[in-house]
Amino acid sequence: APTQAGPLGLTFPGTFVFGAATSAYQIEGAAAEDGRGPSIWDTFSHTPNNVRNGDTGDVAADHYHRWTEDLDLVKSLGLGSYRFSISWSRVLPTGTGTVNRKGLDFYKRLIEGMRERGIAPVATMFHWDLPQALQDRGGWENRDCASWFADYAQVLYRELGDLVPTWLTLNEPKTVVQVGYQFGAHAPGRRDTRASLVVAHHLLLAHGLAVRAYRAAGGTGRIGPALNLAPAYPVDDSEPAREAALLADGVENRLYLDPILKGAYPADVVATWAPDEPVRAAIRPGDLAVIASPVDILAVQYYNPVFVTANGDRAQVKPTSEASWQQIYPEGLFDVLTRIKRDYGDLPITITENGIPVDDAPDAAGKVNDGPRVAFLRDHLAAAHRALQSGVRLESYHVWSLLDNFEWAEGYAQRWGITYVDFATQKRIPKASAEWYRTVATSRRL
Ligand code: GBH
């Protein structure tokens with residue numbers, strides 16, 4: 001008998017997993033507890049005028065103390081997967097050297113807590129919170145940072161490897177490159193395009209070395225990168241607009257996908273962006289072979305497309321969410337997923353982030369009605385379903401985010417959670433979107 005589907009008439013296969021995502025600095029708080037060393041986000045957020053309202057992650061959603069409640073929440077929403085990140089400076093307070101047991105034990109308990117609840121852990125090793133001690137040694141501009149990362153990764157494999165089926169190396173290297181090193185709106189707040197390209201290479205090298213270390217450690221789970229991909233469309237059919245969109249695709253997507261999955265930098269991006277010696281010199285013989293070490297899974301994060309004019313500017317074509325950078329275009333997710341299969345091969349894919357901010361708050365009855373988020377998630381899940389039906393090996397979907405949290409330069413002013421957090425009391429209230437998502441996840445119907 002045909003399975004009865006939800007309002008859109010779509011049913012996800014029994015193997016498909018629904019989950020939610022967070023990251024360490026955005027939710028944990030406890031910034032100075034149990035031996036955690038400072039990260040560049042502590043430094044950045046404590047420097048005036050970097051973050052809206054002077055907000056910091058000192059307390060955030062206090063997840064470090066409330067993690068059992070938060071895992072109970074994941075379970076109560078019927079989710080099968082939870083993607084979190086590990087704070088490098090909790091595990092290694094100065095980035096290298098002695099392991100901080102208490103920091104490591106926090107993650108051990110957290111991961112065991114997931115397993116007890118039947119939730120599959122997806123662990124990101126780096127979600128932008130570089131140990132400050134390593135920034136003091138040059139950070140990602142220093143080639144050694146790639147090896148420091150691989151050493152840290154080895155500690156994680158040794159201590160937590162048996163407990164974690166899915167490892168993600170770097171969260172969104174593109175955002176570090178663009179926002180951390182070109183626009184300066186994220187830590188470490190640099191504005192230097194040449195440095196940003198060297199950083200891109202060192203990040204990719206770090207990813208590759210960590211993948212190699214996983215194989216050398218005999219890891220039996222899966223490992224891959226987490227890339228935020230943005231399909232680039234020309235605003236019109238003119239030749240110049242189409243060429244500009246092609247270059248934008250290079251900068252947004254191929255600059256990361258090509259070295260990892262094809263072992264080569266995209267020639268058009270290199271010609272346009274890195275014609276000079278310092279950047280070329282950063283790329284040493286053998287690096288690309290390391291970067292292209294085979295991965296088991298590709299983690300895709302999708303928020304928005306870019307629309308490109310003839311002179312290479314970005315244009316607004318679709319309505320935005322409350323984030324000015326986010327034009328809403330669900331079809332872009334279908335395009336991204338099918339493009340990977342077409343251009344890079346049939347590898348397993350997990351969507352590790354997708355969501356929007358909504359300025360929501362409890363009403364008189366204590367309900368949080370985030371209707372725009374329900375519509376956004378529904379339309380993007382429908383696009384993911386369409387990709388599945390056209391043969392993409394899409395295994396799972398994680399909503400960004402489980403909780404309202406510290407939204408980087410926007411501080412607590414943007415709420416991205418399916419769960420409302422009252423930061424004064426730390427009370428959690430599942431929003432309408434959470435109730436809706438529970439129904440989808442438990443029925444598999446959309
Ligand atoms: C993700 O980045 C992050 O992985 C996650 O931590 C974050 O909370 C979530 O999205 C929501 O933002 O204002 O011009 O400087 C998504 C990619 C890159 C989108 C940085 C916003 C800022 C553009 N983000 N970008 S700008």
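Lysine 262 is found in helix α10, which spans residues 239–262; helices (H or I, at least four residues) and strands (E, at least two) are DSSP runs numbered from the N terminus. The model is a predicted one, in which local features need pLDDT of at least 70 and side-chain atom pairs count only at pLDDT 80 or more, while totals for chains, interfaces and linings use all residues. Residues are numbered from 1 along each chain as its sequence is written, and side-chain values use heavy atoms, with hydrogens and water left out. Leaving aside residues up to four places away in sequence, lysine 262 touches Leu257, Asp343 and Tyr344, where contact means heavy atoms within 4.5 Å. A polar atom of the lysine 262 side chain lies 3.5 Å from the backbone oxygen of aspartate 343. The C-alpha atoms of lysine 262 and threonine 47 are separated by 40 Å, the two residues being 215 residues apart along the chain.

An oxygen atom of the ligand lies 2.8 Å from a polar side-chain atom of tryptophan 408. For tryptophan 400, an N or O atom in the side chain is 3.1 Å from an oxygen atom of the ligand, and for tyrosine 303 a polar side-chain atom lies 3.3 Å from a ligand oxygen. Taken alone, the ligand exposes 580 Å², and the protein buries 81% of that (Shrake-Rupley method, 1.4 Å probe).

Tryptophan 400 is also joined to serine 401 by a cis peptide bond, with omega about 10 degrees. Serine 401 is found in the loop between β11 (394–400) and β12 (419–422). A further cis peptide bond, with omega about 5 degrees, joins alanine 187 and proline 188, and proline 188 has its place in the loop between α8 (173–181) and α9 (193–216). Alanine 60, in the loop between α2 (40–45) and α3 (63–76), has a positive phi of about 45 degrees although it is not a glycine. Most residues other than glycine have a negative phi, and most peptide bonds are trans.

Threonine 309 lies in the loop between β8 (306–308) and β9 (314–315). Its side chain makes a polar contact with the side chain of asparagine 311 at 2.7 Å (a pair of N or O atoms within 3.5 Å; within protein, one must be able to donate a hydrogen and the other to accept it, and residues adjacent in sequence count only if both atoms are side-chain atoms). Not counting residues up to four places away in sequence, threonine 309 touches Val235, Ala241, Ala244 and Ala315.
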